[in-house]
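Let's take a walk through this protein together, with the sequence and the fold side by side. Please keep the view open as you read.

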Amino acid sequence: MNVKRITEEAVAPQVKEVRGLTRGLMLLTALNQLPGGLGSTSELARACGIHRVTARRLLETLRAQGVVESTERDGQYKVSRAARRLSDGFAEADWVSRVGGPAMEDVAAKLVWPVNLAAAEGGFMVILQSTRRRSPLSHHHAVLGEKLPMLPTALGRAYLAACNDELLDAILSDLARRAMSLRIPDEDLSGVHEAIAQTRARGYAVTGDVAASRFDAIAVPLIAGTTLLGAMNMVFTKDSQSQALIEQKHLLRLDELAKRIGSACRSWIE
């Protein structure tokens with residue numbers, strides 16, 4: 001697990017970083033990413049690149065503040081319910097929490113594989129809701145706020161394929177301009193129009209050919225009336241299910257879920 005530094009874009013250059021606070025937030029982030037929000041001092045220290053003694057001291061500080069709890073097993077911690085207070089000031093779009101989340105929870109058991117809802121932001125697809133904590137087949141839990149690249153992912157391709165020509169040109173021009181800073185491979189940019197054409201012809205999106213990844217996905221756009229809100233995907237492991245089988249068993253349900261959310265969101269959006 002690789003935990004991104006919290007301070008990368010959040011701290012102004014002229015302000016000196018409070019290293020202890022940064023490390024504490026890194027540990028809390030890493031703990032959230034572990035199954036059930038539970039992990040040992042050693043694995044958290046490794047995930048964050050922090051010495052075990054330092055990690056233990058910081059975790060004990062977080063425990064004293066009530067945002068993590070120790071378990072019956074020595075050296076093991078879990079996220080506490082009080083940690084929810086940290087997000088009390090965050091205001092997500094109403095349609096995401098009031099429509100998208102409940103609708104996804106309703107069908108989580110039937111879909112089995114984890115499903116994500118994402119919106120486009122700054123050249124990425126940002127995960128806003130997920131059923132991964134409800135899925136027995138999930139391999140990764142804390143994905144809310146995770147940024148995924150547009151061009152090679154099923155989420156990004158589903159979104160781009162649903163864009164009108166004006167929006168699509170604007171997004172692709174922006175990605176091309178920032179290709180170096182976003183580390184976008186040349187082949188992703190050169191092949192994007194073909195990928196979009198294939199997605200439109202197919203009626204849904206699939207993940208690009210990423211040989212190193214253990215996961216694959218199918219995705220559909222999320223549309224409320226005439227407003228493109230984002231996209232939804234279903235993630236599965238390559239070695240356990242073929243893409244054809246996932247499409248046969250789950251594509252219709254995923255598409256119905258997206259349309260259900262889109263229809264219910266019209267009153268929130270328009």
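Cysteine 48 has a relative accessibility of 8%, and since buried means under 20%, it counts as buried. Cysteine 163 is buried too, with a relative accessible area of 5%. If you are wondering about disulfides, a search of the whole structure finds 0 of them. Please keep in mind that this is a predicted model.

Now for the overall picture. The protein has 10 helices and 9 strands. Of its 270 residues, 44% are buried. Among the contacts with a separation of 6 or more, 56% are between residues 24 or more positions apart.

The pairing of β2 with β3 is antiparallel and runs over 3 bridges, and serine 70 stands opposite tyrosine 77 in β3.

Which residues does glutamine 76 touch? This residue is found in strand β3 (residues 76-79). Leaving aside residues up to four places away in sequence, glutamine 76 touches Leu38, Gly39, Ser40, Glu69, Ser70 and Thr71. With a relative accessible area of 12%, glutamine 76 is buried.

Next, look at how two helices meet. In general, two packed helices are described by the angle between their axes and the distance between the axes. Helix α1 (residues 19-33) packs against helix α3 (residues 52-64) at an angle of about 80°, and their axes are 10 Å apart. That angle makes α1 roughly perpendicular to α3. On the α1 side, the contact is made by Gly20, Arg23, Gly24 and Leu27. On the α3 side, Thr54, Ala55, Leu58, Leu59 and Leu62 take part. Sorted by class, the contact of α1 with α3 has 5 nonpolar, 3 polar and 1 charged residues.

Finally, let's turn to β5 and the strands that pair with it. Is strand β5 (residues 124-130) largely enclosed or left open? Of its 7 residues, 6 are buried, so β5 is largely enclosed by the rest of the structure. Strand β4 (residues 115-121) pairs with β5 in the antiparallel sense over 6 bridges. Within this pairing, alanine 120 stands opposite methionine 125 in β5. The hairpin of β4 and β5 has 2 residues between the strands, and glycine 122 takes a positive phi near 60° there. Strand β6 (residues 147-149) is joined to β5 by 3 bridges, and these two strands run antiparallel. Phenylalanine 124 has proline 149 in β6 as its bridge partner.

Key
Residues numbered from 1 in each chain as written. Predicted model: local features only at pLDDT ≥ 70, side-chain atom pairs only at ≥ 80, totals over all residues. Heavy atoms only, no water. Buried < 20%, exposed > 50% of the residue type's maximum accessible area, 1.4 Å probe, protein only. Helix = DSSP H or I, 4+ residues; strand = E, 2+ residues; numbered from the N terminus. Pairing = 2+ DSSP bridges. Disulfide = S-S within 2.5 Å. Axes fitted to C-alpha atoms, helices over the stretch in contact; angles between N-to-C directions. Parallel < 35°, antiparallel > 145°, perpendicular 65-115°, else oblique. Contact = heavy atoms within 4.5 Å. Nonpolar A, V, L, I, M, F, W, Y, C, P; charged D, E, K, R; others polar.
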